[in-house]
Amino acid sequence: MTTASPAHAPSASHLADPDHHPSFTRGVFLGEIREALVFPFPEPSTEEKESLAAILDAFRSWAADTLDSAQIDHDGRFPDAVRQGMAELGLMGLNIPERYGGFGASAMIFNRVFGEIGAHDAALAVYFGAHQSIGIKGIILFGTEAQKHQWLPRCASGECIGAFCLTEAGSGSDAQAMRTTAVPSEDGSHYLLNGAKIWISNAGYAGVLTVFAKVPVTIDGVVKQRVTAFIVDAHAPGISLGKIEEKMGIKGSDTRTITFENVRVPAENLLGEVGGGFKIALEILNSGRLGLSAGSTRGTREMMKLALAHAKEREQFGRSIGSFEMLQRKFAAAAADCYAMDAAWMLCAGMVDRGGVDFSLETAACKIYASELAFRTASETMQIAGGIGYSKEYPYERALRDSRINMIFEGTNEVLRALIALMGLQQPGEELKAVGKAFKAPLHSLGAISSYLTGRVKRTLVKPSFNQVHPSLKDEAELVADNIHALALGVEKALIEHGKAIIERQFLQERMANAAIDIYLATAVLSRVTSVIGRVGEKEAAADLEVARFFIPMAMRRTRRAIRALERNADDAARSIATRALATGDLTVPTPTDT
Ligand SMILES: Cc1cc2nc3c(=O)[nH]c(=O)nc-3n(C[C@H](O)[C@H](O)[C@H](O)COP(=O)(O)OP(=O)(O)OC[C@H]3O[C@@H](n4cnc5c(N)ncnc54)[C@H](O)[C@@H]3O)c2cc1C
């Protein structure tokens, strides 16, 4: 980074250590409030704030001179000056540790800068994120010293751009089904890589690829295929690039297929262990999702600034359109959502920086909420702009196109909702399974049964509570705690009713995930406002309090509805209608006007 002194990331490994630092959201499924994970609200140090201000200032003035997003969208590529400028600003090494030539930014600073880039240009944020959030993140997290020294300095200078190669034609969400193979040579000196990866961001710019492939491993005399990660030189013989994909949005981002034909990958380029690739991919995506969340949130605020200016200036019926309450509702909802999302991603960045915390459910929650917020708000800003919102002369339609991808990549929102629910259900499910076994031999398992029953009675009667929330948010804190209690009871009932089949019950999983997401966001708001009051006093925090008192009841009303619907729902009818539609290929039964 050329603009400021370094803001050091904490030295602790940021990989999750769930046994010692279990996740907040997993706790919610058990009716527990693990307050130590969400209080106090994380704040950047003074040194970090100074560095951040310098980075943002430098980026903003460079962007004002260099970035023409409408032109980039039109051309479908960045001019060389843009990529060169990002490198000269030092941004391509922002989260690479200092000893490898980077800036060593903490997750808090990295994601805040990510947000700023996203607010200026979504395609540039994808370029930045595909390089650092996912492209070379595997080397940073799992690389050996030699690998880091070999690759990271050139990545930090922007000379070598990273890309992340997981998706294939037959394996998107189900990444384990990949067909790309890496077969070790007889002498063990290298692997031969064969296959094709599709939708690879930064493909055309990349110098280094993190590639996931299946390696044959013999276990008990049987050959099994194990997903393994490799660092691959993007210019190695046997690698070829497809044409640039013509996309709906983020057009400046270079997305292509990469084909590998007998590519020799030196054995020393193995990343982590043979068979450890899937875990590596998940870890990379876990933290990558946070950048996408911060980018979506800042982007939303930026679009709303335009809409606010328009609503103030545009007059209809003899008054500014901003004075109409139907438009005011849109502004208030977006303001509350952005406040909550900022709180949510920052709280999560604090967990990443603390090290060892299992934050995978929180990053998934952030990604889901922020991506849907960005798309919903892009649509609302277009509505506020009216006819000009639909014109290519204004940025509203581009924002709508650009923001749509966020709900698809880095884990689709459906798959992430299933992940939140199924990971949340793990521990309550295991407890119930253990007690189910115990009931089969009750005389030998009285201890287990009585401890389960005591826990159950306690869970039913004793509601959890927040102890660190500022008293002025007592009612809101109680509301959130009540919903955590209700969710745990709802989860337990659903588990008793459906047992293992809960894995197939996505109608229920979606509701559980939605409840958990809203609970996490509401908790983040409680933590953020408590911290603001502590810093500036209640009077000065009036605007924060107002937003919190608007957002939390709204989020908790959604949560209550989701929990209630775990029991009372029309799922059988929904399943039947969808099954019929899938069988006939049409949504509805014939109408009187069909011929
Ligand atoms: C512009 C762009 C850039 C990308 N960049 C990269 C990149 O750099 N590197 C990379 O590796 N990949 C990249 N991708 C790929 C992206 O991550 C995948 O498109 C995404 O994971 C979804 O996979 P898929 O397209 O095969 O969809 P599918 O997996 O086929 O999903 C289709 C639909 O089915 C739903 N679905 C699937 N499984 C389930 C389930 N179990 N439960 C409920 N619903 C389900 C999905 O939610 C989705 O709605 C990029 C994609 C795009 C469009």
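Q: What makes strand 6 and strand 7 a pair, and in which sense do they run?
A: In this predicted model, strand 6 (residues 239-241) is joined to strand 7 by three bridges, in the antiparallel sense. Pairing requires at least two bridges, so the term applies. Within this pair, Ser240 has Thr259 of strand 7 as its bridge partner.

Q: What is formed by strand 2 and strand 3, and which residue in the turn has a positive phi?
A: Strand 2 (residues 181-184) and strand 3 are antiparallel and share four bridges. Val183 stands opposite Leu192 of strand 3. The two strands form a hairpin with five residues between them, and Gly188 in the turn has a positive phi of about 75 degrees.

Q: In which sense do strand 1 and strand 4 run, and how many bridges join them?
A: Strand 1 runs parallel to strand 4 (residues 206-219), and five bridges join the two. Gly162 stands opposite Val208 in strand 4.

Q: How do you know that both faces of strand 1 are covered?
A: Strand 1 comprises residues 161-165, and five of its five residues are buried. On one side these are Ile161, Ala163 and Cys165; on the other they are Gly162 and Phe164. In a regular strand the side chains alternate between the two faces of the sheet.

Q: Why is Phe114 called buried?
A: Phe114 has 28 C-beta neighbours inside 10 Å. The criterion is 20 or more, so Phe114 counts as buried. Phe114 belongs to helix 5 (residues 107-120).

Q: Which residues does Phe114 touch, not counting residues up to four places away in sequence?
A: Phe114 touches Ala125, Phe128, Gly129, Gly291, Ala294 and Gly295. For Gly295, the separation from Phe114 is 181 residues in sequence, while the C-alpha atoms are 5.7 Å apart.

Q: Why is Glu380 counted as buried?
A: Glu380, in helix 11 (residues 360-385), has 22 C-beta neighbours inside 10 Å. As the threshold is 20 or more, Glu380 is therefore buried. Leaving aside its neighbours within four places in sequence, Glu380 is in contact with Lys330 and Ala334. Glu380 and Leu400 are 20 residues apart in sequence, with a C-alpha to C-alpha distance of 9.5 Å.

Q: Which residues of helix 12 are buried, and against which helices do the buried residues of helix 12 pack?
A: In helix 12 (residues 396-404), the buried residues are Tyr396, Arg398, Ala399, Leu400, Asp402 and Ser403. The buried residues of helix 12 pack against helix 3 (69-75), helix 6 (122-135), helix 9 (277-313) and helix 11.

Q: Which members of the largest nonpolar core touch the most other members?
A: The largest nonpolar core holds 171 residues, and Phe230, Ala344, Ala365 and Val525 touch the most other members. Neighbours within four places in sequence aside, Ala344 is in contact with Ala365, Cys366, Tyr369, Tyr520, Leu521 and Ala524. In soluble globular proteins, nonpolar side chains tend to be buried together.

Q: How many residues of domain 1 and of domain 3 are in contact?
A: The domain assignment gives domain 1 (38-160), domain 2 (162-279) and domain 3 (415-581). Five residues of domain 1 are in contact with six residues of domain 3. On the domain 1 side, the touching residues divide into four nonpolar, no polar and one charged. The C-alpha centres of domain 1 and domain 3 lie 36 Å apart.

Q: What makes the chain as compact as a globular protein of its length?
A: The chain contains 18 helices and ten strands. Its radius of gyration is 25 Å, close to the 25 Å that the globule rule gives for 595 residues, so the chain is as compact as a globular protein of that length. Along its principal axes the C-alpha trace spans about 80 × 70 × 65 Å. Of the 595 residues, 47% count as buried. Among contacts with a separation of 6 or more, 78% come from residues 24 or more positions apart.

Notes. Residues numbered from 1 in each chain as written. Core = buried A, V, L, I, M, F, W, Y, C linked by C-beta atoms within 7 Å. Buried ≥ 20, exposed ≤ 12 C-beta atoms within 10 Å, placed from the backbone. Contact = placed C-beta atoms within 7 Å. Domains from an automatic or database assignment. Nonpolar A, V, L, I, M, F, W, Y, C, P; charged D, E, K, R; others polar. Rg over C-alpha atoms; globule rule 2.2 N^0.38 Å.
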